[in-house]
Amino acid sequence: MKGTGKWTVQQAAELSVAAPTIAASLDCRYLSGLKEERESAADILKEAGLEEEVGSVKSGVDKKRLIDDVRKALYASKICSYAQGMNLLRAKSVEKGWDLDFGELARIWKGGCIIRAVFLDRIKQAYQRNPNLASLVVDPEFAREMVQRQAAWRRVVGLAISAGISTPGMCASLAYFDTYRRARLPANLVQAQRDLFGAHTYERTDRPGAFHTEWTKLARKSSAGAFS
């Protein structure tokens, strides 16, 4: 958290590259260091009425299926983590004019890096298939595997949330996947919010151009109509 993790998240922010899984892992390290605060929080929240949720969901869990689901969720989450890292390297390569060969990088890492995962062979093959690959998520083979595992992935994250178990890496990866795969995002609403408080205008999905709405007047009119 004081070296490569910190530097990676700093670079992602400076280059405007989304790296939520990597950032979540770093945040988790920070929280892990707050042992006394967490112990105190546990006592205070228990006194406030917070109950342990693990026992309530444990009885209905199929252990064998859960183990298989976690394996699939971990694999899908790992794809997202590597995708974020490779996208960060690509952005830096463009900024510095390095012309990095990402397939070759994966090969080198396997030979002498702390990672050395068999998974790196898959990454090398993905970039050999398409040197200009936008993201590992959209490589045909990785994409197929993500789709095959997403149901298990969602079950694991949903169960963890229901049980009150923190899984920041998996949650961040799933959110990244769901955001990246959408052509239209809720972030479009930010335009309307900015138009409300600053008249910055907004774009519409049904016609070209910039538009402005008197939102406060519209709300008053709607409220008046509702009570008339």
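Reader: At what angle do helix H7 and H8 pack?
Author: This is a predicted model. Helix H7 covers residues 119-129. Its axis and that of H8 lie 9 Å apart. The angle between H7 and H8 is about 125°.

Reader: How many charged residues are in the contact of H7 with H8?
Author: From H7 come Phe119, Arg122, Ile123, Ala126 and Arg129. They meet Glu141, Phe142 and Glu145 in H8. By class, the contact has 4 nonpolar and no polar residues. The number of charged residues is 4.

Reader: Are H5 and H8 roughly parallel or oblique to each other?
Author: Helix H5 spans residues 63-96, and helix H8 spans residues 140-163. Their axes are 7 Å apart, at an angle of about 120°. Roughly perpendicular ends at 115 degrees, and roughly antiparallel needs over 145. H5 and H8 are therefore oblique.

Reader: Is the crossing of H5 and H8 left-handed or right-handed?
Author: The two helices pack at about 120°. Their crossing is left-handed.

Reader: How many nonpolar residues does the contact of H5 with H8 have?
Author: The H5 side includes Leu66, Val70, Tyr75 and Ile79. The H8 side includes Phe142, Met146, Trp153 and Leu159. Of the residues in this contact, 1 is polar and 6 are charged. The nonpolar ones number 13.

Reader: Which orientation do H2 and H9 have to each other?
Author: Helix H9 takes in residues 168-180. H2 and H9 pack at about 160°, with axes 8 Å apart. Angles over 145 degrees count as roughly antiparallel. H2 and H9 are therefore roughly antiparallel.

Reader: How many charged residues are in the contact of H2 with H9?
Author: Pro20, Thr21, Ala24 and Cys28 in H2 meet residues of H9. Among those in H9 are Pro168, Ala172 and Tyr176. By class, the contact of H2 with H9 has 6 nonpolar and 3 polar residues. Its count of charged residues is none.

Reader: Which helix gives the largest share of the lining of the second largest pocket?
Author: The second largest pocket has a volume of about 440 Å³. Of its 17 lining residues, those closest to the centre are Ala42, Leu50, Glu52, Glu53 and Gly164. Helix H2 (20-32) and helix H3 (35-47) each supply at least two lining residues. The largest share, 5 residues, comes from H3.

Reader: How many residues of that lining are charged?
Author: The lining of the second largest pocket has 9 nonpolar residues and 2 polar ones. The charged residues number 6.

Definitions and conventions. Residues numbered from 1 in each chain as written. Predicted model: local features only at pLDDT ≥ 70, side-chain atom pairs only at ≥ 80, totals over all residues. Heavy atoms only, no water. 1 Å grid on protein atoms, 1.4 Å probe; cavity = no way out; pocket = protein on both sides within 12 Å on 5 of 7 lines; lining within 4 Å. Points joined across faces, edges and corners; volume = space filled by probe spheres on them. Helix = DSSP H or I, 4+ residues; strand = E, 2+ residues; numbered from the N terminus. Nonpolar A, V, L, I, M, F, W, Y, C, P; charged D, E, K, R; others polar. Axes fitted to C-alpha atoms, helices over the stretch in contact; angles between N-to-C directions. Parallel < 35°, antiparallel > 145°, perpendicular 65-115°, else oblique. Contact = heavy atoms within 4.5 Å. Left-handed = near helix turned anticlockwise from the far one by under 90°.
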